Amino acid sequence: MPENMTTLYTVTDEKLARYAKALAHPTRVYILRFLALQCGCFAGDISNKLPIANSTVSQHLAVLKAAGLIQGTINPPTIRYCINQQNWQEAKHIFQDFFQECC
């Protein structure tokens, strides 16, 4: 990528792309909806709701966590997941602004 291309992207553009990529799979959308209805839950609770392997659920959780949309509290041997409210609100505003800009 040419050097001048990186200057075209704002920090907000990069955040929008990161959040969009995390939302780009229906399983991850389902997980976010599921977590939004809970105060928090364990990966096993999510796995029980989906017809996929626990390892696949873990991979999806890792993508959502890396994007900052969820957070996990470690209590060995389990991790309790919940929506990261601060980043969730940020993503909501970034998407709203983007869609309003592009109309």
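Predicted model: local features only at pLDDT ≥ 70, side-chain atom pairs only at ≥ 80, totals over all residues.

Q: How many disulfides does the structure hold, and how do you know?
A: The structure holds zero disulfides. A disulfide needs two cysteine sulfur atoms within 2.5 Å. The sulfur of Cys41 has its closest cysteine sulfur in Cys82, at 9.1 Å, so the pair is too far apart for a bond.

Q: Is Cys41 called buried or exposed, and why?
A: Buried means under 20% relative accessible area. Cys41 has 3%, so Cys41 is buried.

Q: What makes Cys82 count as buried?
A: The relative accessible area of Cys82 is 18%. The cut-off is under 20%. Cys82 is therefore buried.

Q: Why is Thr27 called buried?
A: Thr27 has 14% relative accessibility, and therefore counts as buried. Thr27 lies in helix 3. Leaving out residues up to four places away in sequence, Thr27 touches Leu50, Ile52 and His60.

Q: How do you know that Arg28 has no salt bridge?
A: A salt bridge requires a side-chain nitrogen of Lys or Arg within 4 Å of a carboxyl oxygen of Asp or Glu. For Arg28, the nearest side chain of opposite charge is Glu90, 17 Å away. Arg28 is buried yet has no salt bridge.

Q: Where does Arg28 lie, and what is Arg28 in contact with beyond its neighbours within four places in sequence?
A: Arg28 lies in helix 3, which spans residues 26–36. Beyond those neighbours, Arg28 is in contact with Lys21, Ala22, His60, Val63 and Leu64.

Q: How many positive and negative side chains does the protein chain have, and how far apart are the centres of the two sets?
A: There are 9 positive and 7 negative side chains. The centres of the two sets lie 14 Å apart.

Q: What secondary structure does the protein chain have, and in which order do its elements run?
A: The protein chain has six helices and three strands. From the N terminus, the order is α-α-α-β-α-α-β-β-α.

Q: What percentage of the residues in the protein chain is buried?
A: Of the 103 residues in the protein chain, 29% are buried.

Conventions
Residues numbered from 1 in each chain as written. Heavy atoms only, no water. Buried < 20%, exposed > 50% of the residue type's maximum accessible area, 1.4 Å probe, protein only. Helix = DSSP H or I, 4+ residues; strand = E, 2+ residues; numbered from the N terminus. Lys, Arg positive; Asp, Glu negative; His and termini not counted. Contact = heavy atoms within 4.5 Å. Charge placed at Lys NZ, Arg CZ, Asp CG, Glu CD.
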